Amino acid sequence: MAKTKTQFAELDPVWSRIRTEAEDAVAQEPLLGGLIHSSILHHESIERALAYRTSLKLASGEMSEQLIREICDAAYADDPSLALAARADIMAVHERDPACNRFVQPLMFFKGFQALQAYRVAHWLWANDRKDMAYFFQMRVSEQFGVDIHPAARIGKGIMMDHAHSIVIGETAVVGDNVSMLHSVTLGGTGKEEEDRHPKIGDGVLIGAGAKVLGNIHVGHCSRIAAGSVVLHEVPPKTTVAGVPAKVVGEAGCSTPSITMDQLLGTK
(Lines give C-alpha, C1' and ligand atoms only; values in the text may rest on other atoms or scores of the structure.)
Protein backbone atom coordinates (compact mmCIF):
# COMPACT_ATOMS: atom_id res chain seq x y z
CA MET A 1 0.00 0.00 0.00
CA ALA A 2 2.83 2.40 0.86
CA LYS A 3 4.49 1.64 -2.48
CA THR A 4 1.24 2.32 -4.33
CA LYS A 5 0.83 5.68 -2.59
CA THR A 6 4.42 6.63 -3.43
CA GLN A 7 3.90 5.79 -7.10
CA PHE A 8 0.63 7.73 -7.08
CA ALA A 9 2.34 10.81 -5.62
CA GLU A 10 5.06 10.64 -8.26
CA LEU A 11 2.47 10.43 -11.03
CA ASP A 12 0.29 13.26 -9.76
CA PRO A 13 1.92 15.26 -6.97
CA VAL A 14 -0.74 17.99 -7.07
CA TRP A 15 -3.58 15.55 -6.46
CA SER A 16 -1.56 13.68 -3.85
CA ARG A 17 -0.96 16.90 -1.93
CA ILE A 18 -4.64 17.86 -2.16
CA ARG A 19 -5.65 14.52 -0.66
CA THR A 20 -3.13 14.82 2.17
CA GLU A 21 -4.31 18.32 2.97
CA ALA A 22 -7.93 17.15 2.82
CA GLU A 23 -7.21 14.44 5.39
CA ASP A 24 -5.59 17.03 7.64
CA ALA A 25 -8.58 19.35 7.21
CA VAL A 26 -10.99 16.60 8.28
CA ALA A 27 -8.90 15.95 11.39
CA GLN A 28 -8.87 19.66 12.25
CA GLU A 29 -12.52 20.35 11.43
CA PRO A 30 -14.63 17.18 11.71
CA LEU A 31 -17.83 19.06 10.86
CA LEU A 32 -16.49 19.45 7.31
CA GLY A 33 -15.72 15.75 7.09
CA GLY A 34 -18.74 14.84 4.98
CA LEU A 35 -18.15 17.67 2.51
CA ILE A 36 -14.44 16.99 2.14
CA HIS A 37 -14.91 13.24 1.78
CA SER A 38 -17.58 13.65 -0.91
CA SER A 39 -15.62 16.36 -2.73
CA ILE A 40 -12.08 14.97 -2.55
CA LEU A 41 -11.33 11.81 -0.60
CA HIS A 42 -14.09 9.81 -2.27
CA HIS A 43 -12.50 10.34 -5.72
CA GLU A 44 -9.62 8.51 -7.35
CA SER A 45 -8.37 11.43 -9.47
CA ILE A 46 -8.41 15.20 -9.69
CA GLU A 47 -10.53 14.90 -12.82
CA ARG A 48 -13.30 13.14 -10.90
CA ALA A 49 -13.09 15.65 -8.06
CA LEU A 50 -13.28 18.59 -10.46
CA ALA A 51 -16.31 17.08 -12.19
CA TYR A 52 -18.03 16.54 -8.86
CA ARG A 53 -17.33 20.04 -7.54
CA THR A 54 -18.47 21.65 -10.79
CA SER A 55 -21.67 19.63 -10.91
CA LEU A 56 -22.42 20.42 -7.27
CA LYS A 57 -22.05 24.15 -7.91
CA LEU A 58 -23.89 24.39 -11.25
CA ALA A 59 -26.80 22.04 -10.61
CA SER A 60 -30.25 23.58 -10.29
CA GLY A 61 -33.89 22.77 -10.84
CA GLU A 62 -33.20 23.21 -14.56
CA MET A 63 -30.47 20.57 -14.76
CA SER A 64 -29.50 17.87 -12.30
CA GLU A 65 -26.13 17.37 -10.66
CA GLN A 66 -25.86 13.95 -12.30
CA LEU A 67 -26.26 15.30 -15.84
CA ILE A 68 -23.71 18.05 -15.31
CA ARG A 69 -21.29 15.59 -13.76
CA GLU A 70 -21.61 13.28 -16.79
CA ILE A 71 -20.82 16.19 -19.09
CA CYS A 72 -17.78 17.13 -17.03
CA ASP A 73 -16.55 13.53 -16.88
CA ALA A 74 -16.83 13.31 -20.66
CA ALA A 75 -14.89 16.56 -21.09
CA TYR A 76 -12.02 15.45 -18.85
CA ALA A 77 -11.88 12.02 -20.51
CA ASP A 78 -11.79 13.56 -23.99
CA ASP A 79 -9.32 16.38 -23.32
CA PRO A 80 -6.56 15.77 -20.74
CA SER A 81 -5.40 19.39 -21.11
CA LEU A 82 -8.40 20.52 -19.04
CA ALA A 83 -7.15 18.87 -15.86
CA LEU A 84 -3.55 19.84 -16.62
CA ALA A 85 -4.69 23.46 -16.80
CA ALA A 86 -6.56 23.03 -13.50
CA ARG A 87 -3.39 21.78 -11.82
CA ALA A 88 -1.49 24.80 -13.16
CA ASP A 89 -4.28 27.10 -11.93
CA ILE A 90 -4.10 25.60 -8.43
CA MET A 91 -0.35 26.10 -8.32
CA ALA A 92 -0.75 29.67 -9.60
CA VAL A 93 -3.24 30.56 -6.87
CA HIS A 94 -1.07 28.98 -4.19
CA GLU A 95 2.02 30.82 -5.40
CA ARG A 96 0.47 34.26 -5.89
CA ASP A 97 -2.35 34.60 -3.33
CA PRO A 98 -1.05 35.21 0.20
CA ALA A 99 -4.42 34.04 1.53
CA CYS A 100 -3.88 30.60 -0.01
CA ASN A 101 -1.54 28.35 1.95
CA ARG A 102 -2.83 24.94 0.80
CA PHE A 103 -3.58 23.38 -2.59
CA VAL A 104 -6.92 22.17 -1.29
CA GLN A 105 -8.29 25.70 -0.84
CA PRO A 106 -8.95 26.67 -4.48
CA LEU A 107 -10.71 23.39 -5.21
CA MET A 108 -12.90 23.61 -2.14
CA PHE A 109 -13.44 27.30 -1.44
CA PHE A 110 -12.23 29.78 -4.10
CA LYS A 111 -14.91 30.81 -6.56
CA GLY A 112 -12.42 32.27 -9.04
CA PHE A 113 -10.80 28.87 -9.47
CA GLN A 114 -14.15 27.06 -9.55
CA ALA A 115 -15.60 29.46 -12.12
CA LEU A 116 -12.53 29.05 -14.31
CA GLN A 117 -12.77 25.25 -14.28
CA ALA A 118 -16.46 25.40 -15.19
CA TYR A 119 -15.55 27.76 -18.05
CA ARG A 120 -12.98 25.22 -19.29
CA VAL A 121 -15.70 22.59 -19.60
CA ALA A 122 -17.97 25.13 -21.31
CA HIS A 123 -15.17 25.90 -23.78
CA TRP A 124 -14.85 22.17 -24.51
CA LEU A 125 -18.59 22.05 -25.18
CA TRP A 126 -18.29 25.05 -27.51
CA ALA A 127 -15.39 23.46 -29.40
CA ASN A 128 -17.46 20.30 -29.83
CA ASP A 129 -20.36 22.27 -31.34
CA ARG A 130 -22.57 21.91 -28.26
CA LYS A 131 -23.14 25.63 -28.08
CA ASP A 132 -26.48 25.65 -26.27
CA MET A 133 -25.08 23.54 -23.46
CA ALA A 134 -22.03 25.79 -23.36
CA TYR A 135 -24.32 28.79 -22.95
CA PHE A 136 -26.10 26.98 -20.11
CA PHE A 137 -22.78 26.53 -18.33
CA GLN A 138 -21.96 30.20 -18.88
CA MET A 139 -25.30 31.23 -17.43
CA ARG A 140 -24.91 29.08 -14.33
CA VAL A 141 -21.33 30.24 -13.74
CA SER A 142 -22.53 33.83 -13.90
CA GLU A 143 -25.43 33.12 -11.55
CA GLN A 144 -23.39 31.13 -9.04
CA PHE A 145 -20.05 32.91 -9.03
CA GLY A 146 -20.66 36.38 -10.45
CA VAL A 147 -18.12 35.63 -13.19
CA ASP A 148 -19.21 35.90 -16.83
CA ILE A 149 -16.86 34.22 -19.32
CA HIS A 150 -18.08 33.54 -22.84
CA PRO A 151 -17.41 29.87 -23.66
CA ALA A 152 -15.73 30.82 -26.96
CA ALA A 153 -13.05 32.88 -25.21
CA ARG A 154 -9.60 31.30 -25.14
CA ILE A 155 -7.83 31.24 -21.78
CA GLY A 156 -4.43 29.74 -21.05
CA LYS A 157 -3.18 27.88 -18.00
CA GLY A 158 -1.71 29.06 -14.73
CA ILE A 159 -4.47 31.66 -14.30
CA MET A 160 -5.35 33.35 -11.03
CA MET A 161 -8.65 35.22 -10.66
CA ASP A 162 -8.30 36.77 -7.22
CA HIS A 163 -11.67 37.37 -5.52
CA ALA A 164 -13.10 37.10 -9.07
CA HIS A 165 -16.38 38.91 -8.46
CA SER A 166 -17.74 40.71 -11.55
CA ILE A 167 -15.04 39.52 -13.96
CA VAL A 168 -16.33 39.66 -17.56
CA ILE A 169 -14.47 38.11 -20.52
CA GLY A 170 -15.96 38.45 -23.99
CA GLU A 171 -16.40 36.01 -26.83
CA THR A 172 -13.28 36.74 -28.91
CA ALA A 173 -10.97 37.51 -25.99
CA VAL A 174 -7.70 35.62 -25.67
CA VAL A 175 -5.83 35.32 -22.37
CA GLY A 176 -2.32 33.90 -22.34
CA ASP A 177 -0.59 31.71 -19.77
CA ASN A 178 0.30 32.77 -16.22
CA VAL A 179 -2.03 35.78 -16.15
CA SER A 180 -3.35 37.25 -12.90
CA MET A 181 -6.47 39.39 -12.70
CA LEU A 182 -8.40 40.79 -9.79
CA HIS A 183 -12.10 41.42 -9.27
CA SER A 184 -14.21 43.56 -11.59
CA VAL A 185 -11.90 43.18 -14.57
CA THR A 186 -13.59 43.48 -17.97
CA LEU A 187 -12.14 42.23 -21.25
CA GLY A 188 -14.84 43.68 -23.46
CA GLY A 189 -15.75 45.12 -26.83
CA THR A 190 -16.39 48.72 -27.79
CA GLY A 191 -19.61 48.42 -29.78
CA LYS A 192 -21.91 46.06 -31.64
CA GLU A 193 -19.40 44.72 -34.15
CA GLU A 194 -19.66 40.95 -34.57
CA GLU A 195 -16.15 40.05 -35.69
CA ASP A 196 -12.94 39.84 -33.63
CA ARG A 197 -13.68 42.54 -31.08
CA HIS A 198 -12.13 41.66 -27.73
CA PRO A 199 -8.66 42.06 -26.18
CA LYS A 200 -5.72 39.73 -26.57
CA ILE A 201 -3.81 39.46 -23.28
CA GLY A 202 -0.21 38.23 -23.44
CA ASP A 203 1.54 35.84 -21.09
CA GLY A 204 2.47 36.94 -17.59
CA VAL A 205 0.19 40.01 -17.50
CA LEU A 206 -1.15 41.46 -14.23
CA ILE A 207 -4.55 43.17 -14.49
CA GLY A 208 -5.54 45.21 -11.45
CA ALA A 209 -8.95 45.40 -9.82
CA GLY A 210 -11.61 47.21 -11.81
CA ALA A 211 -9.50 47.56 -14.96
CA LYS A 212 -11.35 47.64 -18.27
CA VAL A 213 -9.59 46.52 -21.45
CA LEU A 214 -11.80 47.27 -24.44
CA GLY A 215 -11.61 46.40 -28.11
CA ASN A 216 -9.49 44.17 -30.30
CA ILE A 217 -6.18 45.35 -28.87
CA HIS A 218 -3.07 43.53 -27.73
CA VAL A 219 -1.65 43.74 -24.22
CA GLY A 220 2.01 42.75 -24.42
CA HIS A 221 3.66 39.98 -22.46
CA CYS A 222 4.60 40.66 -18.83
CA SER A 223 2.92 44.06 -18.63
CA ARG A 224 0.88 45.61 -15.79
CA ILE A 225 -2.51 47.33 -15.96
CA ALA A 226 -3.15 49.46 -12.90
CA ALA A 227 -6.36 49.14 -10.93
CA GLY A 228 -9.26 51.18 -12.31
CA SER A 229 -7.60 51.83 -15.67
CA VAL A 230 -9.49 51.93 -18.96
CA VAL A 231 -7.27 50.52 -21.70
CA LEU A 232 -8.27 51.46 -25.26
CA HIS A 233 -4.96 51.11 -27.11
CA GLU A 234 -2.15 48.59 -27.50
CA VAL A 235 0.05 48.00 -24.44
CA PRO A 236 3.74 47.37 -25.17
CA PRO A 237 5.38 44.36 -23.51
CA LYS A 238 6.94 44.81 -20.07
CA THR A 239 5.33 48.19 -19.40
CA THR A 240 2.90 49.58 -16.83
CA VAL A 241 -0.19 51.47 -17.97
CA ALA A 242 -2.54 53.49 -15.76
CA GLY A 243 -5.31 56.03 -15.99
CA VAL A 244 -8.50 56.81 -17.89
CA PRO A 245 -7.71 56.39 -20.69
CA ALA A 246 -4.64 54.36 -19.78
CA LYS A 247 -1.20 55.56 -20.77
CA VAL A 248 2.25 54.07 -20.34
CA VAL A 249 3.65 55.30 -17.02
CA GLY A 250 6.79 53.21 -16.84
CA GLU A 251 8.28 49.76 -17.03
CA ALA A 252 6.55 46.72 -15.57
CA GLY A 253 8.99 46.73 -12.66
CA CYS A 254 9.97 43.07 -12.97
CA SER A 255 10.08 40.23 -15.48
CA THR A 256 6.99 38.46 -14.10
CA PRO A 257 4.42 40.96 -12.76
CA SER A 258 1.61 38.39 -12.70
CA ILE A 259 3.62 36.28 -10.26
CA THR A 260 5.06 38.98 -8.01
CA MET A 261 1.61 40.68 -7.88
CA ASP A 262 3.26 44.08 -7.20
CA GLN A 263 0.56 46.66 -8.00
CA LEU A 264 2.28 49.79 -6.72
CA LEU A 265 3.13 52.29 -9.45
CA GLY A 266 6.73 53.33 -9.58
CA THR A 267 8.06 50.21 -7.87
CA LYS A 268 11.02 48.43 -9.36
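User: What makes the largest nonpolar core a core, and which residues have the most contacts inside it?

Analyst: A nonpolar core is a set of buried Ala, Val, Leu, Ile, Met, Phe, Trp, Tyr and Cys residues joined through side-chain atoms within 4.5 Å, where buried means under 20% relative accessible area with a 1.4 Å probe, protein chains only. The largest such set here has 71 residues, and Ile18, Phe137, Ile169, Met181 and Leu187 have the most contacts inside it. Elements giving two or more residues include α2 (13-28) and α9 (131-145); α8 provides the largest share, 10 residues. The model is predicted: local features need pLDDT of at least 70, and side-chain atom pairs count only at pLDDT 80 or more, while totals for chains, interfaces and linings use all residues. Residues are numbered from 1 along each chain, and side-chain values use heavy atoms, without hydrogens or water.

User: Why is this core said to lie between domain 1 and domain 2?

Analyst: Domain 1 (14-146) and domain 2 (153-267) both contribute residues, so the core lies between them. The bounds come from an automatic or database domain assignment.

User: What makes β14 and β15 a pair?

Analyst: Strands are DSSP runs (E, at least two residues), numbered from the N terminus, and two of them pair if DSSP finds at least two bridges between them. β14 and β15 (residues 247-251) have 4 bridges, in the antiparallel sense, and Thr239 has Glu251 as its bridge partner. Strand β12 (residues 224-225) is joined to β14 by 2 bridges and runs parallel to it.

Notes: Buried means under 20% relative accessible area, exposed over 50%, partly exposed in between (1.4 Å probe, protein chains only).
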